[in-house]
Amino acid sequence: MVALIPRRLFCTKISRNCHQHQLQWSVKQVTKSNFNDSLHDFHSHLSSSDFVAVSFQNTGSFSAAWHRVSSFDCPETAYLKARRAADRFQLLQFAVCPFTISGSKVTAHPYNFHLFPRDELNIGMPSYSFSCQTSYLTAMAQQGFDFNACIYDGISYLSRAQELVAKVRMGNPIAIHHVVKPTSTPPSVADTIFVERVKSRVKHWKKACADSSSRKTDGERLMEKYTSFDAVIGNGQFLGFFFLSDNILKFVYWLQMLGEFSDDLVALKIPTKGGGTQAVRVVLTSSKEDKSLFERELQNVEEEQNKKIRGFREVIDLISASQKPVVSHNSLNDFSVIHSKFIGPLPLNMDEFLCSLRLVFPHVFDVNHLMKEIGPLENVTNIPAAISYLKNRFFAPIDMEISHGALLNEGKIHGQTVLRICHLFAKLCSVLRITPGAIQSSDDNITSRLGGYAHSFKSCSVSSQESVDGRIRIWTKSPRKVGCKHLVFLWGFRDSLSAGMLKSLLQGSHDVFSEEFDVCLVDKSCAIVVFLQPNLSQAFLDIMSSEGISGSLRELVSEGLRAAGYETYKRACGLGYWEADLASALDKASATPDCFSQSGSETNPSEVYWCNDLMINLATCEV
């Protein structure tokens, strides 16, 4: 919580800034045709900025109401849901905004990259399908999104994992810069004969090249230079040496022997499809200067090829290399997508995911988490609502300066969300009295939580009195902390029942409901019963599985009412039972033996904040 700063009634100087979040800002739109030039500008802006905000537009998020990350999800189930959505849906826009905060002024450099993965290199990757949700595509179309331009001029990319596979498939020569010394074991007679034979062959080859070159005209040399890919980047002659993979020692001796001719020879490794070395090609240059030129040109060609392979991922790599704090609005979902598309396949569990992600983005800041530092915000569900909430309660004027142009009052400009994140972040820093410079220097004492799911980064974040032990936070008017073991999933009731009607039916049906409890609908097929007193949830589950049920509860069970604890729900998510209705998924999980280890669940139970008026709004399940 923070102390309230009285809101001033008069705001003449910053009156325009009070409503900036309702206007449209200029955002640079980047496609394949202007990507290279924009990349240079982006790198420059990134280097001079203190933070980087990210947001994106994809083809969907969840295909059923209960697939959405919800208040009753523990960290592991939340990650499993985010992981599934990240793997299924595709990015079409990725907005990135390096920005700096100086007092109440934000200097921002927004870019909106239009993406579409395609096989740019004709090597069969990327080649995969993805899901689309009509509501998402409809919303993008209403915003003026050009799907034809996206498909034809969208920027392609490969993840880091895909890049490694692509380089193997392409099989381009790789310069050998370092030679591994052989073991101290003396070479055998056969190895010695092999080395001497190769030495002799290289000497004869060099002499023959010198003799033939002296008899060629300049035109013939020029034509020879462009007779193959290798010759394009050097004016040399080539000699190929093939060797068996089970005789690596001979290969090492051979490379060492080439050291005797290092003044004018360059060795290139020819990779196999499996990633090993198939052959080595030796390039004979005319002089030390020509050799240096050849090596530089070879390096330039490799760098250009790598850029083409990486595509848009070059932006992600620049952000990672800068080590600048990354600001997002929903970091669990956002970075699941980023990891899946640009780093590699998502790990099976959240701990491995966080370990992998920290290596790429060690500093992550979630504005949702910062909003929770102000207090329970049950009505703040999106960025505009958050900005409006702060504007109505705090005096925190923010002046936005956009590098790509002035404020625009009309027109359909993509990538606006990333600027609103910058605006909201700066406003939160002002309200919470956080100095951005102090934030960046605090690396050990300040932690940030990924999506509020209790896994800390060494990052810039306001310190919090809350624990970071895996608890789930639901911020409502009157929150109560309850353990996941106090939740019972209930299904098999009539479709027309509301949460209030179901609660009325349960009241008086058994003594277990004589104490305070609450009911919340997850979807139309399933509800959660929350027992606010210990041991009542297990008592209810025992009753439901016994034959001694009586009264109105017996009638409900005879009509098909079923119940299961939280572990059954975790099992459904872990086994991938992503049915349209949660009830169907719980039926499958109930019939499946529990293969998950529950060690540690008693020593570190997950908890949620609950209140009596909490209700899942099914009308908000689609965008």
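Predicted model: local features only at pLDDT ≥ 70, side-chain atom pairs only at ≥ 80, totals over all residues.
**View 1**
Helices (H or I, at least four residues) and strands (E, at least two) are DSSP runs, numbered from the N terminus. Helix α3 covers residues 134-142, and its Ser 135, Tyr 136 and Met 140 are buried. For these labels, buried means under 20% relative accessible area, exposed over 50%, and partly exposed in between (1.4 Å probe, protein chains only). Look down the axis of α3 and the buried residues fall within an arc of 135°, so they line one face of the helix. That arc is the one made by the directions from the helix axis to the C-beta atoms. This buried set packs against β2, β3 and α4 (147-153), where contact means heavy atoms within 4.5 Å. On the face turned away from the buried side you'll find the exposed residues Thr 134 and Gln 142. Thr 134 has a relative accessible area of 64%. In sequence Thr 134 is 75 residues from Thr 59, yet their C-alpha atoms are 8.3 Å apart in space. After α3 comes Gly 144, with a positive phi near 85°.

**View 1. The largest nonpolar core.**
A nonpolar core is a set of buried Ala, Val, Leu, Ile, Met, Phe, Trp, Tyr and Cys residues joined through side-chain atoms within 4.5 Å. Here the largest one has 39 residues, and those with the most contacts inside it are Phe 94, Phe 113, Phe 312 and Phe 361. Elements giving two or more residues to this core include α1 (35-48), β2 (51-58), β3 (91-102) and α11 (313-322). Which helix gives the most to this core? That's α12, with 6 residues. Zoom in on Phe 113 and, leaving out residues up to four places away in sequence, its contacts include Val 30, Phe 35, Ile 155, Phe 312 and Val 315. Apart from this core lies another, of 37 residues, among them Ile 374, Ile 383, Ala 386 and Ile 402. In soluble globular proteins, nonpolar side chains tend to be buried together.

**View 2. Where α12 crosses α13.**
The axes of these two helices come within 11 Å and cross at roughly 70°. Axes are lines fitted to C-alpha atoms, for helices over the stretch in contact, and angles run from 0 to 180 degrees between N-to-C directions. α12 and α13 are therefore roughly perpendicular, a label for angles of 65 to 115 degrees (under 35 is roughly parallel, over 145 roughly antiparallel, and the rest oblique). On the α12 side, the contact is made by Leu 332, Phe 335, Ser 336, His 339 and Ile 343, while α13 brings Met 350, Phe 353, Ser 356, Leu 357 and Val 360. Sort the residues of this contact and you get 7 nonpolar, 3 polar and no charged. In that sorting, Ala, Val, Leu, Ile, Met, Phe, Trp, Tyr, Cys and Pro count as nonpolar, Asp, Glu, Lys and Arg as charged, and the others, Gly among them, as polar.

Ala 95 belongs to strand β3 and counts as buried at 2% relative accessibility. Its contacts, not counting residues up to four places away in sequence, include Ala 53, Phe 56, Tyr 111 and Val 418. Ser 156 sits in the loop between α4 and α5 (160-170) and is buried too, with a relative accessible area of 8%. Ser 156 and Arg 310 are 154 residues apart in sequence but 8.1 Å apart in space, C-alpha to C-alpha.

**View 3. Two loop residues with positive phi.**
Most residues other than glycine have a negative phi. Gln 323 isn't a glycine, but its phi is positive, about 60°. Gln 323 lies in the loop between α11 and β10 (326-328) and is partly exposed, at 40% relative accessible area. Asn 535, also not a glycine, has a positive phi of about 75°. Asn 535 is in the loop between β18 (526-531) and α19 (536-544), and is exposed with a relative accessible area of 62%.

How values were computed:
Residues numbered from 1 in each chain as written. Heavy atoms only, no water.
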